Amino acid sequence: MKKTTRAPVRPPAATGRRNATGTRRKIARSRKPAKAGTGVKTSTSPEIKLKAKLKARSRTNPKTGARNKVRAAAKLEHKARATIVAKAEARRSTAIARAEPTIRQLKAELAQLRRRVAELQALVETDFLLGIFNRRGFERELSRSIAYMKRYHATGAVIVLDVDRLKPINDSFGHAAGDEVLKAVAATLAKIVRASDVVGRLGGDEFALLLWNLSETDARAKAQALEQAIDGLNFCFDGRTVTAGASAGIAILAPQTDARRVLAEADRAMYVRKAQRRHEASRGA
């Protein structure tokens, strides 16, 4: 039987290193306490704990880490947008502040131009001799009034009035005398009608009146009163006393009428009335 030999068991390695001679050398450890401030401190701040927790969660859970990255990107984008908006608002405020003097100047010039336009429009639509509406101005007011009446179911009438014997006065005493007659007629019409009514000169010796809220009977009575008032006017030229007179025709405003049509209707009625007055004058003579 063959004899077996066992290798000697080495004792556990002791701490330290062997030197060249095979002896162990203990590592010298410092027993001095660590200086204050040199050790690593463990922070207990909630923010740092939260960051550490999110970082650990990102390492352990890829989905959570991806969500955190998306949130961070969204916050950065929101912050960038807010910065851009703030800069744009600052530039806008600066531009407005710089433009305010120019804006004030332009507003003043615009107001002046509007006043000038109103003045020119008044000149275009006003009879320069009598200071009342001319045909253009009267037709504009009449169209506006008809539109109002259609909407609110109001009533009204138009009277066209022609001054009698104006041509003989112009021929005998001159156009200055005829102008005096026209001024007296315009003043008489303005006294008889209401402030809401409209008076205009259509041209030559023709006048037109727009009367509100009148029935046909009231309009005829008003036309007769206008004729009597103008018939009662007396004028003295070159030592002679003369009279003029007037003939009036009416037209009732209806929702389907327009300005020119109603003026034409009243004008035809005026010529009928003029012929009737001439016939009455011839019979009286």
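Contact means heavy atoms within 4.5 Å. The legends below use that term throughout.

This is a predicted model, where local features need pLDDT of at least 70, side-chain atom pairs count only at pLDDT 80 or more, and totals for chains, interfaces and linings use all residues. Residues are numbered from 1 along each chain as its sequence is written, and side-chain values use heavy atoms, with hydrogens and water left out.

**View 1. Val181 and its partners.** Which residues does Val181 contact, leaving aside its neighbours within four places in sequence? The partners are Val163, Leu166, Ile169, Phe235, Phe237 and Ala244. Val181 also belongs to the largest nonpolar core. A nonpolar core is a set of buried Ala, Val, Leu, Ile, Met, Phe, Trp, Tyr and Cys residues joined through side-chain atoms within 4.5 Å. Buried means under 20% relative accessible area, exposed means over 50%, and partly exposed lies in between (1.4 Å probe, protein chains only).

**View 2. The largest nonpolar core.** This core has 33 residues. Val181, Leu189 and Phe207 have the most contacts inside it. Seen by element, two or more residues each come from β3 (156–163), α4 (166–173), α5 (175–192), β5 (206–212), α6 (216–231), β6 (234–237) and β8 (246–252). Helices (H or I, at least four residues) and strands (E, at least two) are DSSP runs, numbered from the N terminus. Helix α5 gives the largest share, 6 residues. A second, separate core has 18 residues, among them Ile146, Leu202, Ala259 and Val262. In soluble globular proteins, nonpolar side chains tend to be buried together.

**View 3. The open sheet.** In what order do the 4 strands of the open sheet lie? The order is β4-β5-β3-β8, with antiparallel pairing. Two strands pair if DSSP finds at least two bridges between them. Strands β4 (198–203) and β8 sit at the edges, and each pairs on one side only. From one strand to the next, the twist averages 20 degrees. In a regular strand the side chains alternate between the two faces of the sheet.

**View 4. Two strand pairs.** Strands β4 and β5 are antiparallel and share 5 bridges. Here Gly203 has Glu206 of β5 as its bridge partner. Strands β3 and β8 also run antiparallel, joined by 7 bridges. In that pair, Val163 stands opposite Ala246 of β8. Why is β8 described as largely enclosed by the rest of the structure? The reason is that 6 of its 7 residues are buried.

**View 5. Helices across the sheet.** Helix α3 (residues 135–152) lies across β3, β4 and β5. It runs at about 20 degrees to β5. Helix α5 also lies across β3, β4 and β5, at about 5 degrees to β5. Axes are lines fitted to C-alpha atoms, for helices over the stretch in contact, and angles run from 0 to 180 degrees between N-to-C directions.

**View 6. Helix α4 against helix α5.** Two packed helices are described by the angle between their axes and the distance between the axes. For α4 and α5, the angle is about 145 degrees and the axes are 6 Å apart. Helix α4 makes the contact through Leu166, Ile169, Asn170 and Phe173. Helix α5 uses His175, Ala177, Gly178, Val181 and Leu182.

**View 7. Asn170 in helix α4.** Is Asn170 buried or exposed? Asn170, which lies in α4, is buried, with a relative accessible area of 17%. Leaving aside its neighbours within four places in sequence, Asn170 contacts His175 and Gly178.

**View 8. Thr257 in a loop.** Thr257 sits in the loop between β8 and α7 (259–284). Its relative accessible area is 9%, so Thr257 is buried. A polar atom of its side chain lies 2.6 Å from the backbone oxygen of Ala254. Not counting residues up to four places away in sequence, Thr257 touches Ile146 and Lys150.

**View 9. Thr243 in strand β7.** Thr243 is found in β7 (residues 240–243). Its relative accessibility is 33%, so Thr243 counts as partly exposed. Leaving aside neighbours within four places in sequence, Thr243 contacts Arg165, Ile169, Leu233 and Asn234. The C-alpha atoms of Thr243 and Gly232 are 7.6 Å apart, and these residues are 11 residues apart along the chain.

Definitions and conventions
A polar contact is a pair of N or O atoms within 3.5 Å; within protein, one must be able to donate a hydrogen and the other to accept it, and residues adjacent in sequence count only if both atoms are side-chain atoms.
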